[in-house]
Amino acid sequence: IKDCARVLSAQFIGKIEGERAFSTRVINGVYPDAAAYWLPVLRDDGTPVLKADGEYDKAIHVRGPRGAPLNALKRFEYVEPPSMMEFTLLVLGRSVSETDLHHLFEYGGVHGYAGERGDGEGKYTYTLDRLDA
């Protein structure tokens, strides 16, 4: 969420005079509900995923602390679509509007989530349901 907020702030929304930057408002004003320590992955029917549906390996190439090239295999576990995660976000006062959250998740769904988004992974759709305090 923070990564997407920084990009949107710089590339799409821009600075509005007299207001804090969009990214600052998101970073300081949007929090996951602390009551949910783990976010379960759910099947389409709402049952929790207890085991990955499969796994695959991918070669990665990085540089070590002294610049030497390192190669390894990275193993990924995956869940067959459709699957979902449900979570509650807490918003501090009026720091971030519902429209702001729509912009944030719309961009994130296209941009992708997590480290493998460069491979086209991590795409998602979302729905927002307002819960009044």
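Does Ser9 count as buried or exposed, and at what relative accessibility? I looked this up and found that Ser9 counts as buried, because its relative accessibility is 10% (buried is under 20% relative accessible area, exposed over 50%, partly exposed in between, with a 1.4 Å probe and protein chains only).

I note that this is a predicted model, in which local features need pLDDT of at least 70, side-chain atom pairs count only at pLDDT 80 or more, and totals for chains, interfaces and linings use all residues. Residues are numbered from 1 along each chain as its sequence is written, and side-chain values use heavy atoms, without hydrogens and water.

**Entry: Ser9.** I placed Ser9 in helix H1 (helices are DSSP runs of H or I with at least four residues, strands are runs of E with at least two, numbered from the N terminus). Leaving out residues up to four places away in sequence, I found Ser9 touching Gly14, Ala21, Phe22 and Ser23 (contact: heavy atoms within 4.5 Å). The Ser9 side chain reaches the backbone nitrogen of Ser23 at 3.4 Å.

**Entry: helix H2.** I then turned to H2, residues 22-29, where Phe22, Ser23, Arg25, Val26 and Gly29 are buried. These buried residues line one face of the helix, because they fall within an arc of 165° seen down its axis (the arc is that of the directions from the helix axis to the C-beta atoms). Their cover includes helix H1 (2-13), strand E1 (30-32), strand E6 (89-91) and helix H3 (98-111).

**Entry: H1 and H3.** I recorded that Asp3, Cys4, Ala5, Val7, Leu8 and Phe12 of H1 meet His103, Leu104, Tyr107, Gly108 and His111 of H3.

Technical notes: Polar contact = N/O pair within 3.5 Å; in protein donor to acceptor, adjacent residues only side chain to side chain.
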